[in-house]
Each structure stands twice: as structure tokens, then as C-alpha cells.
Amino acid sequence: MQKITILMHCKDQKGIIAAVTTFIAKVEGNITYIDQHVDVEQNVFFMRLECELTNLHVSAESIKEDFSKTIATDFNMSWELYNQEHKPKMALFVSKYDHCLFDILGRYSANELNIEIPVIISNHNELRSVAERFNIPFHCVPFTKDNKEEGEAKQIELLKKYQINFIVLARYMQIVTPKLISLYENKIINIHHSFLPAFPGAKPYHSAFKRGVKIIGATSHYVTEQLDEGPIIEQDIARVSHIHSVEDFIMKGRDLERIVLARAIKLHAERKTIVYSNKTVVFS
């Protein structure tokens with residue numbers, strides 16, 4: 001039995017839910033999940049729907065074509081239809097930090113993430129052994145201000161070769177190029193501490209410690225050309241106090257980065273996010 005997920009958004013208007021559910025009934029689909037949200041300020045309707053196709057003679061592709069000509073056209077929708085059997089292919093970009101990489105690969109090995117990881121790309125060789133341990137192809141692509149065009153071309157070549165659907169920057173310490181961002185719009189996920197913009201630089205936890213902050217956090221977001229300002233997918237925090245050392249701050253921060261990035265990957269892979277106006281609607 002095929003299972004599909006439909007994400008959609010359009011101008012809020014009467015009859016959308018009735019039209020969509022009637023369409024699903026017509027193609028002999030059984031709705032197993034439906035949720036919707038209206039952004040009142042911008043007058044935009046969002047909906048996510050999952051259903052099982054009970055008629056074995058009706059394909060997801062034929063439904064996609066029919067939906068496009070009818071419901072999507074009638075309501076002028078932006079929408080996507082996904083076959084749940086197809087796992088999205090995710091590329092990991094890393095540098096030298098390994099805590100997020102190990103966490104993702106551990107969850108992947110335990111089948112906690114509904115994805116495939118065909119390749120790991122890095123601007124250094126330090127983490128090659130980690131990739132080899134998990135039997136995932138590793139490619140070192142040097143990336144500096146002097147060879148950005150060459151590095152970008154090689155990255156894109158690898159992404160096409162492995163048919164990558166989305167990218168995760170697992171503490172990749174380089175700025176992604178505008179061309180790559182345009183090729184994977186709202187499909188590049190980043191993780192960073194939540195001290196920005198108050199404590200920028202190489203040692204934010206040291207700066208936060210000196211300032212005596214009481215909360216530290218991590219933010220995962222889609223990458224845009226505006227550095228660290230893309231649509232937020234997931235965030236979390238931990239409380240700290242005067243009893244904690246800089247090392248405690250760093251440890252808690254890395255724990256949060258692992259958790260928040262894993263949640264963001266899971267949400268994206270399960271088609272639970274819609275990006276609109278530099279924000280995300282995240283369905284449960």
C-alpha cells in the first residue's frame with residue numbers, strides 16, 4: 001500500500017479543506033493525518049496531509065498530476081507531494097568537529113532517521129576515519145578564499161553524482177556559496193549556538209561565561225545568503241549558573257547542538273516543515 005504526504009500553502013479562502021479531503025476520497029485514499037494552520041497577519045493557509053492509497057491501480061504520480069490540474073490550480077497553491085517509501089538522500093558537510101557527525105551517524109545506524117546518507121564531504125581529512133567506520137564514502141574538498149570556485153564546482157559535482165536531495169552542515173566551518181544555496185533552496189540545514197549576535201567569534205562560550213549568562217542554546221535553520229538568519233526549524237536551551245565552568249558551557253552547548261540538529265533533520269526528512277516569508281511552519 002502506497003503512502004503519500006502532501007504539503008501545501010496558499011491564500012486563505014473558503015473550501016480548501018473540503019476540496020482536498022474530497023479529492024483524496026475520490027482517488028480512494030485513506031487520510032491518516034491532517035493538520036492545518038492559518039497565518040492571520042499574512043492571510044496564508046498551510047496544510048499537511050498523510051494518506052494511504054487503497055486502490056493499487058492508482059499511482060502517486062497519477063494523483064500528483066490530477067491534483068496539479070484541479071485543486072492546486074483552483075486555489076493557486078504552492079505544494080509538494082511525496083511518496084513516503086522514497087527516503088531522501090542527505091549529504092553531510094563537516095570540518096573538524098565530530099560531535100554532531102557521530103550523533104547523526106549513530107542515529108542513522110539505529111534506523112532512527114528515515115534517510116539515506118550516500119556521502120560525507122569535508123574541507124579537511126581529519127574525519128575520514130569516522131566515515132570509514134560507518135562505511136560511507138568520504139570526499140575531502142579543500143575550500144578556502146583562494147579556491148572557492150573550484151571547491152564549489154567539486155561539491156556540486158559530488159552532490160549530483162550521489163543524487164542528493166538535501167544537505168546538513170554538521171559543524172561545517174565554511175560559508176556556503178550563493179550558487180549552492182540557490183541549487184538547494186530551503187534544503188540546506190545548519191546548526192549553531194544561540195549566542196549570536198551577542199557573542200560572535202571563535203570562542204562564544206568563553207565570552208558568554210565571562211558575561212555570566214544564565215541560558216545557553218542551539219538553533220537549527222535553513223541556510224540563506226544572510227549568514228545565520230535563515231528560517232528557523234528547531235531550537236532548545238539549557239540553564240547554567242555561576243557553578244558551571246567554561247568546559248561545562250561547551251559540553252552543554254554541544255549536547256544541545258546534537259539534539260537540535262537531529263530533530264531538524266527528522267522534521268525535514270519526514271516532510272513536516274513549510275518555509276514561508278523567512279519563517280517555518282513546523283507540523284507535529
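Biologist: How many aromatic pairs does this structure hold?

Modeller: This is a predicted model, and the count comes to five aromatic pairs.

Biologist: How is the arrangement of Phe 46 and Tyr 276 to be read from their ring planes?

Modeller: Ring planes over 60 degrees apart count as edge-to-face. The planes of Phe 46 and Tyr 276 stand at 80°, with ring centres 5.7 Å apart, so this pair is edge-to-face. Phe 46 belongs to strand 3 and Tyr 276 to strand 12 (residues 273-276), so the pair ties together parts that are 230 residues apart in sequence.

Biologist: In what sense do strand 1 and strand 3 pair?

Modeller: Strands of a sheet pair through backbone hydrogen bonds, either parallel or antiparallel. Here, strand 1 (residues 2-11) and strand 3 (residues 44-53) pair in the antiparallel sense over 10 bridges. Within this pairing, Thr 5 has Glu 50 of strand 3 as its bridge partner.

Biologist: What is the order of the four strands in the open sheet?

Modeller: The order is 2-3-1-4, with antiparallel pairing. Strand 2 (29-39) and strand 4 (78-83) stand at the edges with a single partner strand each, so one side of each lacks a neighbour in the sheet.

Biologist: Which strands does helix 2 lie across?

Modeller: Helix 2 (residues 60-69) lies across strand 1, strand 3 and strand 4, and runs at about 170° to strand 4.

Key: Residues numbered from 1 in each chain as written. Predicted model: local features only at pLDDT ≥ 70, side-chain atom pairs only at ≥ 80, totals over all residues. Heavy atoms only, no water. Pairing = 2+ DSSP bridges. Helix = DSSP H or I, 4+ residues; strand = E, 2+ residues; numbered from the N terminus. Contact = heavy atoms within 4.5 Å. Axes fitted to C-alpha atoms, helices over the stretch in contact; angles between N-to-C directions. Phe/Tyr/Trp six-rings, centres within 6.5 Å; stacked < 30°, edge-to-face > 60°.
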